[in-house]
Amino acid sequence: MNPTYHPFLQPKYVNEFSCDGTRCDDNCCKSNWEIYVDKEHYDMMHRICTGEMREKIIHNVLRNPNASSESDYAIITFNDCSHQCTFLSSDNKCSMQVMHGNTILGNTCNNYPRTINMVDGVLEKSLTMSCPLAASIALCNSSPMCFEVCNDLSRVIMAKEPLNTQTEVYNDS
């Protein structure tokens, strides 16, 4: 099956972002939030990982009994004492990502803090300001309002319902 390219409008600084827990003051992996893993990547984790990493996955990537779709098929557990992701290493890097790269990560970890919205029929990719590194890149950028159109093979996960600024809600009249 041929991949589908999705054209996006995005600020140029979006491509500058790369998650680096060693430079992060407020690591999202220490936030005790719910990290969902989609079925495709859950299966991939079980297929690819071996040894100690496989054992860690078996005990810490658990089927979600409240799953509403394949996108929240499983959930990564957090350490009860430290309230951090069980895959976060002592140097603040994701041990699964270090061993196997981004492709094994579920949609939540692979995409955050990137977000995709549909505005007036156009896909827009941006970074959320809840990530300190993303906020720094966006707010300290010398050309923050320079945009580009790119073709991206990444997984398209819409953040919200499409936004139409031509509706009455956005009209002052």
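This is a predicted model: local features need pLDDT of at least 70, side-chain atom pairs count only at pLDDT 80 or more; totals for chains, interfaces and linings use all residues.

A search through the whole structure finds two aromatic pairs.

Another edge-to-face pair is formed by Y42 and Y73, whose centres are 5.2 Å apart and whose planes make an angle of 65°. Y42 lies in helix α1 (residues 39-48) and Y73 in the loop between β3 (61-63) and β4 (74-76), so this pair ties together parts that are 31 residues apart in sequence. Are these two tyrosines, Y42 and Y73, buried or exposed? Both Y42 and Y73 are buried. The ring of Y73 has a further neighbour, for the charged end of K39 sits over it, 5.1 Å from the ring centre.

From here we can turn to the sheet. Strands of a sheet pair through backbone hydrogen bonds, either parallel or antiparallel. In this model an open sheet of three strands has the order β2-β4-β3, and its pairing is antiparallel. β2 and β3 stand at the edges with a single partner strand each, so one side of each is left without a neighbour in the sheet. From one strand to the next, the twist averages 35°. Between β3 and β4 there are three bridges, and V61 has I76 in β4 as its bridge partner.

Helices lie against these strands. α1 lies across β2, β3 and β4 and runs at about 80° to β2, whereas α2 packs on the sheet by touching β3 and β4, with its direction at about 40° to that of β3.

The largest nonpolar core has 19 residues, and those that touch the most other members are V37, M45, I57, V61, I76, F87 and M96. At least two residues of this core come from each of β2, α1, α2 (51-60) and β4, and the largest share, three residues, is supplied by α1. Apart from this core lies another, of 10 residues, including Y13, V14, C24 and A138.

Definitions and conventions: Residues are numbered from 1 along each chain as its sequence is written. Side-chain values use heavy atoms; hydrogens and water are left out. Rings of Phe, Tyr and Trp (its six-membered ring) pair if their centres lie within 6.5 Å; planes under 30 degrees apart count as stacked, over 60 as edge-to-face and the rest as tilted. Helices (H or I, at least four residues) and strands (E, at least two) are DSSP runs, numbered from the N terminus. Buried means under 20% relative accessible area, exposed over 50%, partly exposed in between (1.4 Å probe, protein chains only). A charge sits over a ring if NZ of Lys or CZ of Arg is within 6 Å of the ring centre and within 35 degrees of the ring normal. A nonpolar core is a set of buried Ala, Val, Leu, Ile, Met, Phe, Trp, Tyr and Cys residues joined through side-chain atoms within 4.5 Å. Two strands pair if DSSP finds at least two bridges between them. Axes are lines fitted to C-alpha atoms, for helices over the stretch in contact, and angles run from 0 to 180 degrees between N-to-C directions. Contact means heavy atoms within 4.5 Å.
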